[in-house]
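Good morning, and thank you for coming. Please look at the sequence and the structure on the screen while I describe a few parts of them.

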Amino acid sequence: MNIKAALAAATLTLFISAAATAAAPTPSEAPLSALPYTPSLDLQAMDATANPCEDFYQYACGGWIRNNPIPSDQASWSVYGKLYQDNQRFLWGILDGLANNGAAASGAQRKLGDYFAACMDEGAIEKLGAAPLAPALAQIAALKSNQDLPALLAGLHMSLADDGLFFGFGSGQDYGDASQVIASAGAGGLGLPDRDYYTRGDAKSKKLREQYRQHVEKMFLLLGDAPAQAKRNAATVLKLETALAKASLTQVELRDPYKTYHKMDAKALQALTPAFDWSTYLRGIGLGGTDTFNVSEPKFYQALNQQWTATPVADVKTYLRWHVAHAQADYLSSAFVDENFAFFRKTLRGVPVLKPRWKRCVALVDAQLGESLGQEFVNRSFSPQLKADTLKMAKQVEQAMREDLDQLSWMSDQTKKKAVEKLSTIVNKIGYPDSWRDYSALTIARDDFAGNVVRGNRFETQRQLDKIGKPLNRGEWGMTPPTVNAYYDPQMNDINFPAGVLQPPLYDAKMDAAPNYGNTGSTIGHELTHAFDDEGRQFDAQGNLKDWWTPADAKAFEERAQCVVDQYSHYVVVDDIRINSKLSEGEDLADLGGLVLGWMAWQAETANQRLRPVDGLNPDQRFFIGYAQWACENSRPENLRANALTDPHSPGKYRVNGLMVNMPEFQAAFSCRAGQAMVSAKRCRVW
């Protein structure tokens with residue numbers, strides 16, 4: 001997973017709405033005192049009736065797909081999703097204990113317990129209704145003209161941490177000098193997940209926009225607007241958001257770092273938006289005098305200026321009222337929660353039932369106090385030996401990459417030298433950060449859930465803004481320790497594997513090496529390959545956006561990458577929707593490169609060992625099945641359609657079968673022959 005997706009996964013969107021109608025906990029969803037065990041190669045997950053040479057995904061995952069229907073509160077269900085839920089249940093047990101035994105806890109533990117207890121107090125939350133919105137709505141009501149927007153937005157951005165309020169603002173490493181942290185102004189202002197929801201002209205997209213308009217209208221009714229006024233307000237919101245969407249970059253364009261790097265001073269930023277006084281805004285967020293910015297989408301800000309100039313203040317206030325309610329809906333009474341769920345989960349993703357509240361509360365604690373909660377998780381579930389074993393595997397995968405670079409026929413020695421330099425400087429972060437985040441300045445009250453959320457927003461927003469102009473902290477993580485995921489950061493030039501993803505069945509210390517190298521080894525290889533995929537290859541060893549390739553080598557890379565793009569463009573996601581393979585290019589390249597590197601590392605690990613079949617499967621077969629079973633999944637059609645627009649990952653089936661057709665080692669392991677589906681006449685290979 002690349003860093004953009006990783007950071008998005010760690011935001012407060014994890015706290016999907018909860019209400020009185022939420023799914024009740026089942027016996028299988030009780031709190032856990034220890035993580036359950038599932039083997040990394042599960043024979044019950046397989047479908048022995050399928051021919052691995054015709055459909056390897058069905059062969060490896062058919063039993064899992066059959067035996068694991070999608071839970072009613074999920075948009076999809078997968079091996080990763082099940083482990084995530086197991087981790088949540090384990091964290092639930094920790095938090096429930098801390099919430100009910102605060103007297104015996106440390107200060108940090110009491111803060112965790114109090115946050116969780118406040119979140120779980122549905123009765124108190126229900127009594128408050130929409131009251132937590134009152135301060136922000138009063139500030140909006142007091143807006144006299146659009147010239148007063150800078151001061152208002154400064155306060156709202158700090159307390160809501162939501163880029164739906166016209167634009168996003170924060171900090172980021174300078175693409176030109178990754179050792180420096182500068183202010184960053186990004187596009188935003190939308191309620192729907194992506195700009196394409198506003199611009200596509202097909203019948204389903206038009207229907208979805210109308211459903212969205214109706215949802216916005218219902219939210220205005222909940223705010224107390226008369227029906228006719230609520231309808232007009234919804235139309236106002238959709239009109240303004242559509243204008244901003246049309247000025248925004250597409251998901252594919254956002255993958256090009258050169259299209260999102262526009263460094264400028266305060267004078268140039270002000271020139272983009274003459275109608276918006278940046279000095280007032282910057283003073284409002286404590287950054288008065290800041291003079292270096294990256295504006296990711298200048299054309300968006302020019303369009304934003306046009307809207308601020310042409311839109312009546314009454315319409316701007318309407319837009320802001322909607323976005324404040326939208327940003328806070330999950331933390332209000334059930335009327336707001338239910339309506340928010342009805343559109344964003346049921347309509348958009350096909351989820352029929354709200355998750356039980358404990359899941360949202362665990363996720364929210366993880367989002368706002370993640371490293372404090374992570375310490376509790378690590379202390380109970382992640383041993384020094386597991387960290388050492390994973391680090392050893394990472395070093396083996398890196399050595400495989402070094403050997404692979406040496407053998408490449410299409411890359412010149414000049415570029416190879418730079419590639420090896422970058423590879424040698426990659427930092428492996430395993431399990432948890434070396435230094436834990438300090439939350440002592442964050443006030444948590446056991447009787448103030450909505451206030452806790454706002455204070456948590458302000459704490460994190462301020463923490464991010466405080467980085468500007470300070471030395472870069474290269475030890476920082478973008479995921480919390482319990483997270484079931486991993487990522488590569490091209491500017492940090494590091495790979496990050498949280499403790500949560502290094503649990504069975506993804507990493508299984510009880511299992512033989514083959515499935516572990518197939519699974520975790522290939523995942524390490526996946527993240528390592530991101531350093532050299534179509535996006536990551538544009539950053540050098542220091543994390544700077546710099547072209548270190550010869551023109552001939554860059555062309556050779558693009559030709560090989562295009563083979564993968566062309567291959568995946570033929571795969572159908574759902575209905576008549578095919579994979580947008582320019583969006584998924586980086587992940588597809590990382591999948592293929594990762595499997596190659598995982599295989600090479602496993603071969604090196606077992607070079608002097610005499611391996612025998614286990615459970616009727618030879619070692620090579622166990623490696624590939626171990627790889628495939630991480631991707632077992634079921635997904636709702638609505639979720640597949642939504643992911644096709646915004647998710648850079650291909651569906652699980654193609655993350656397995658799409659690789660096997662390019663792996664002669666797989667074909668040899670299962671004695672596949674030319675003409676069978678898992679044998680391609682044109683094999684793709686980059687790394």
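Strand E8 is largely enclosed by the rest of the structure, because five of its five residues are buried. Please keep in mind throughout that this is a predicted model. E8 covers residues 494-498. Which residues point which way from E8? Asp-494, Asn-496 and Pro-498 point one way, Ile-495 and Phe-497 point the other way, and all are buried. For the burial, the cut-off is a relative accessible area under 20%.

Three strands form an open sheet, and their order is E6-E8-E7. The pairing in this sheet is mixed. Strand E6, residues 427-431, and strand E7, residues 487-489, stand at the edges. Each of these two has a single partner strand, so one side of each is left without a neighbour in the sheet. From one strand to the next, the twist averages 20°.

How do E6 and E8 run, parallel or antiparallel? They run parallel, and five bridges join them. Within this pairing, Lys-429 has Asn-496 in E8 as its bridge partner. E7 and E8, by contrast, run antiparallel and are joined by three bridges. Here the bridge partner of Asp-489 is Asp-494 in E8, and Tyr-487 stands opposite Asn-496 in E8.

I turn next to the empty spaces. In general, rolling a probe the size of a water molecule over the atoms shows where empty space is left. How many cavities of 30 Å³ or more does a search of the whole structure find? The search finds three. The largest cavity has a volume of about 70 Å³. Its lining consists of Tyr-84, Asn-87, Gln-88, Leu-91, Val-362, Ala-363, Asp-366, Pro-482 and Thr-483. Two elements give two or more residues to this lining, namely helix H3, residues 79-100, and helix H17, residues 357-368. The largest share, four residues, comes from H3.

Among the elements that give two or more residues to the lining are helix H9, residues 203-222, strand E10, residues 577-578, and helix H26, residues 637-646. The lining of this pocket divides into nine nonpolar residues, six polar and ten charged.

Where is the place of Gln-629? This residue is in the loop between helix H25, residues 619-628, and strand E11, residues 633-635. Gln-629 is buried, with a relative accessible area of 5%. Its side chain reaches the backbone oxygen of Ala-60 at 3.0 Å.

Thank you for your attention.

Conventions
Residues are numbered from 1 along each chain as its sequence is written. This is a predicted model: local features need pLDDT of at least 70, side-chain atom pairs count only at pLDDT 80 or more; totals for chains, interfaces and linings use all residues. Side-chain values use heavy atoms; hydrogens and water are left out. Two strands pair if DSSP finds at least two bridges between them. Axes are lines fitted to C-alpha atoms, for helices over the stretch in contact, and angles run from 0 to 180 degrees between N-to-C directions. Buried means under 20% relative accessible area, exposed over 50%, partly exposed in between (1.4 Å probe, protein chains only). Ala, Val, Leu, Ile, Met, Phe, Trp, Tyr, Cys and Pro count as nonpolar, Asp, Glu, Lys and Arg as charged, and the others, Gly among them, as polar. A polar contact is a pair of N or O atoms within 3.5 Å; within protein, one must be able to donate a hydrogen and the other to accept it, and residues adjacent in sequence count only if both atoms are side-chain atoms. On a 1 Å grid over the protein atoms alone, a cavity is a set of points where a 1.4 Å probe fits but cannot get out, and a pocket is an open set with protein on both sides within 12 Å along at least five of seven lines; lining residues have an atom within 4 Å of a point. Grid points are joined across faces, edges and corners, and a volume is the space filled by probe spheres set on the points.
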